[in-house]
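User: I am new to this structure and would like a close look at a single part of it. Please set that part against the rest of the protein.

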Amino acid sequence: AGAGAAAAAEEDAAKAAEKAEAAAAAAEQKRAAQASELSRRRLAALPRFRLVLHTGPVLDVLAKAKHTGLFRHVHVASHMAHLLAAPLARVLAGDGPAVVAVETARFLLEVHPEAKQRLTDKVTELGAKAGLEPARRAEAVDGRHASFVAFEYVREQEEARREAEVEERE
């Protein structure tokens, strides 16, 4: 009788373990479904965009007519900051503000803090010469702690600025 009771208890324990496993699996499926639904809702709330990565000589990309006015956001690596002096404005979208973000030297390890700030100052200067307006005050951008310098470009403002410069010269 003792052996029968032990077998019954063992069988009950196995059934309980199966139920616990089934409940855990159901809970995991429910959690995965909720996570999937949350991801779907978040993606639906995002504006539609297209990410375009260009390779090859950058000046060739900037020179192509098919890229004129195409980009609303351009991200420039710190080692390519000199591109602000190139005809970058040509590829920036004209309908509304376009953003140009230039990385600072924050994550370059072998660069002294003073040199990081000098690079940030130079990037800000190049941006101003290219007709880009800093998104933050220039003195507020700390090259040692900020990850990038953000500029805005509004085609109408830049055209008005250039016209004013021409009138000043005359």
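In which helix is V58 found? And is V58 buried or exposed, or something in between?

Analyst: This is a predicted model, in which local features need pLDDT of at least 70, side-chain atom pairs count only at pLDDT 80 or more, and totals for chains, interfaces and linings use all residues. Residues are numbered from 1 along each chain as its sequence is written, and side-chain values use heavy atoms, with hydrogens and water left out.

V58 is found in helix α2, which covers residues 58–63. Helices here are DSSP runs of H or I with at least four residues, strands are runs of E with at least two, and both are numbered from the N terminus. V58 is partly exposed, its relative accessible area being 29%. On this scale, buried means under 20%, exposed means over 50%, and partly exposed lies in between, using a 1.4 Å probe and protein chains only.

Leaving aside residues up to four places away in sequence, V58 touches M80 and L83; a contact means heavy atoms within 4.5 Å. G131 is 73 residues from V58 along the chain, and their C-alpha atoms are separated by 19 Å.

L59 is also found in helix α2. L59 counts as exposed, at 53% relative accessibility. Between L59 and P87 there are 28 residues in sequence, and 8.5 Å in space from C-alpha to C-alpha.

Now the setting of this helix. The protein has 4 helices and 4 strands, and along the sequence they follow the pattern α-α-β-β-α-β-β-α. The radius of gyration is 29 Å, well over the 15 Å that the globule rule gives for 170 residues, so the protein is more spread out than a compact globule. That radius is taken over C-alpha atoms, and the rule is 2.2 Å times the number of residues to the power 0.38. The C-alpha trace spans about 115 × 40 × 30 Å along its principal axes. Of the 170 residues, 24% count as buried.

The largest nonpolar core has 22 residues, and L84, V100, V102, L132 and F151 have the most contacts inside it. Such a core is a set of buried Ala, Val, Leu, Ile, Met, Phe, Trp, Tyr and Cys residues joined through side-chain atoms within 4.5 Å. At least two residues of this core come from each of β1 (73–76), β2 (98–103), α3 (113–129) and β4 (148–153). Among the residues that L132 touches are L84, V100 and F151.
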